[in-house]
Amino acid sequence: MVQPGTEQPADWAVEAIGLTKVFRDFWGRAKAKAVNGVDLRIRRGQVFGLLGPNGSGKSTTVKMLLGLLYPTRGSLTVLGESPRNVEVKRRIGYLPEETYLYRYLTAAETLDFFGALFGLTAAERQRRTQQLLAMVGLETARNRPVGEFSKGMARRIGLAQALINDPDLVILDEPTSGLDPIGCREVKDLIRLLASRGKTIILCSHLLADVADVCNEVVVFYGGRIRAQGQLNDLLAVKDRTRIEVPCLEPALLARVLELLNQAVGSGQISVSQPAMDLEDFFLEVVRQAREASVDTSGARAGGPVAEYLRTGGDTAGPAVLERLAAPAPAPVATPPVPAAPILAPAHPEALTSVADTHPVAPQPAAGGRPPPAEAAAPAVRQAANDRLKSILDKE
Ligand SMILES: Nc1ncnc2c1ncn2[C@@H]1O[C@H](COP(=O)(O)OP(=O)(O)O)[C@@H](O)[C@H]1O
Ligand SMILES: [Mg+2]
């Protein structure tokens, strides 16, 4: 890890100077200064938290990092290049706040589909899909359409999707929302593991406890400006107090220690208490014990081992995926459940029509009712993503 203060430009995953984004109305009048003169440096290999209340400019900043919005002023480099650089986009994984997925695709097809967008071979897609589904605990749901998924399951498949290209920079918008405490812990462990592999993680979250658990450094946004920033340990340290933790003391020894401290700093300055366990640790311990006692659960299954390819090699990716994820798809998975897998079922031609109407860029079934190879879907998807990107740019 790079020591603070000795960084070279190449050490920055993100460097923004005076970054500003003004949204304008139809008449070109300034409507909202969403981001206002932000200076931001994110070191490679960090888990970096973007905090701030709703409307403070976090998502706008992220969209500029993804090259989806163009800054009004200021300079911005991501992985040493302009965020519009296609090669940079290949190296980014993105979990949007709202996971927009094709509700009629199954979990496995979803990962295969995104893998194809990144140009992975069929064999590699299959390998990664299997590993990722196991990792996020969705193996048993691999053939269920994601439209049927609960919010927690949708987050899990969204997270798997964000990792299919083994990205160097992973941007996660509210990754733990909708997850139970076990799922939250798994996601946080995964974030730590990805960082230990040298990946840079940018985490947007309202869940301050989660941020405190995984982030090395944070910025706090308010009104489009950064109001506080730094190493989390420094920001949170209560600098005028000292805490000493020792094994539980005998009363006589405690009395002697207190007497000494009393003489040195005065009794009003001393407090003695017993450390408490973190509620999350406590909860997970209760669940662990219940599991050991073989108590059955009908809920989501815990995630499995970290995907092998995430622990080892580097890799390729396709740039249109970020646009694809940011483009509002017609049917977010959070909407009510839909009938199972019509996209693949030739027995329901009317369902196919409705899918085609509402999912213009989703893979279409080939003759004979077989799902198309994911490669066949990619050019149409890329085209649609690029059209979408162009329409965003034209609004600038
Ligand atoms: N496309 C847009 N057009 C106009 N104003 C926008 C647009 N996107 C965001 N804003 C405004 O910019 C500000 C910051 O929004 P956002 O970046 O989404 O905040 P956050 O992600 O922190 O909740 C808000 O006042 C929001 O209303
Ligand atoms: Mg937001």
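**Exercise 1. In this predicted model, find the residue that stands opposite tyrosine 222, then work out which strands are involved and how they are joined.**

Step 1. Start at tyrosine 222: across from it, in β9, stands arginine 225.

Step 2. Now look at the strands. β8 covers residues 217-222 and β9 covers residues 225-231. The two run antiparallel, with six bridges joining them.

Step 3. Check the link. Two residues lie between β8 and β9, and the pair forms a hairpin. Glycine 223 sits in that turn, and its phi is positive, at about 55 degrees.

**Exercise 2. Work out the strand order of the open sheet that β1, β2 and β4 form, and say which strands stand at its edges.**

Step 1. Read across the sheet: the order is β2-β1-β4, and the pairing is antiparallel.

Step 2. Go to the edges. β2 (30-43) and β4 (73-78) each have a single partner strand, so one side of each has no neighbour in the sheet.

Step 3. Zoom in on one pairing. β1 (residues 12-24) pairs with β4 over five bridges, in the antiparallel sense. For threonine 20, the bridge partner in β4 is arginine 73.

Step 4. One thing to keep in mind while looking at strands: in a regular strand, side chains alternate between the two faces of the sheet.

**Exercise 3. Decide whether helices α3 and α5 are roughly parallel or roughly antiparallel, and list the residues that meet.**

Step 1. Locate the helices: α3 is residues 107-117 and α5 is residues 151-163. They pack with their axes 9 Å apart, at an angle of about 25 degrees.

Step 2. Apply the cut-off. Angles under 35 degrees count as roughly parallel, and α3 and α5 are therefore roughly parallel to each other.

Step 3. Get the handedness: α3 passes α5 in a right-handed crossing.

Step 4. List the contact residues. From α3 come Ala107, Thr110, Leu111 and Phe114, and they meet Ile157, Ala160 and Gln161 in α5.

Step 5. Sort them by type: five are nonpolar, two are polar and none is charged.

**Exercise 4. Zoom out: how many helices and strands does the protein chain have, and what share of its residues counts as buried?**

Step 1. Count the elements: there are 14 helices and nine strands.

Step 2. Turn to burial. The chain has 396 residues, and 40% of them count as buried.

Step 3. Finish with the contacts. Take those between residues at least 6 apart in sequence: 72% of them join residues at least 24 apart.

Methods:
Residues numbered from 1 in each chain as written. Chains lettered and ligands numbered in written order. Predicted model: local features only at pLDDT ≥ 70, side-chain atom pairs only at ≥ 80, totals over all residues. Axes fitted to C-alpha atoms, helices over the stretch in contact; angles between N-to-C directions. Helix = DSSP H or I, 4+ residues; strand = E, 2+ residues; numbered from the N terminus. Parallel < 35°, antiparallel > 145°, perpendicular 65-115°, else oblique. Left-handed = near helix turned anticlockwise from the far one by under 90°. Contact = placed C-beta atoms within 7 Å. Nonpolar A, V, L, I, M, F, W, Y, C, P; charged D, E, K, R; others polar. Pairing = 2+ DSSP bridges. Buried ≥ 20, exposed ≤ 12 C-beta atoms within 10 Å, placed from the backbone.
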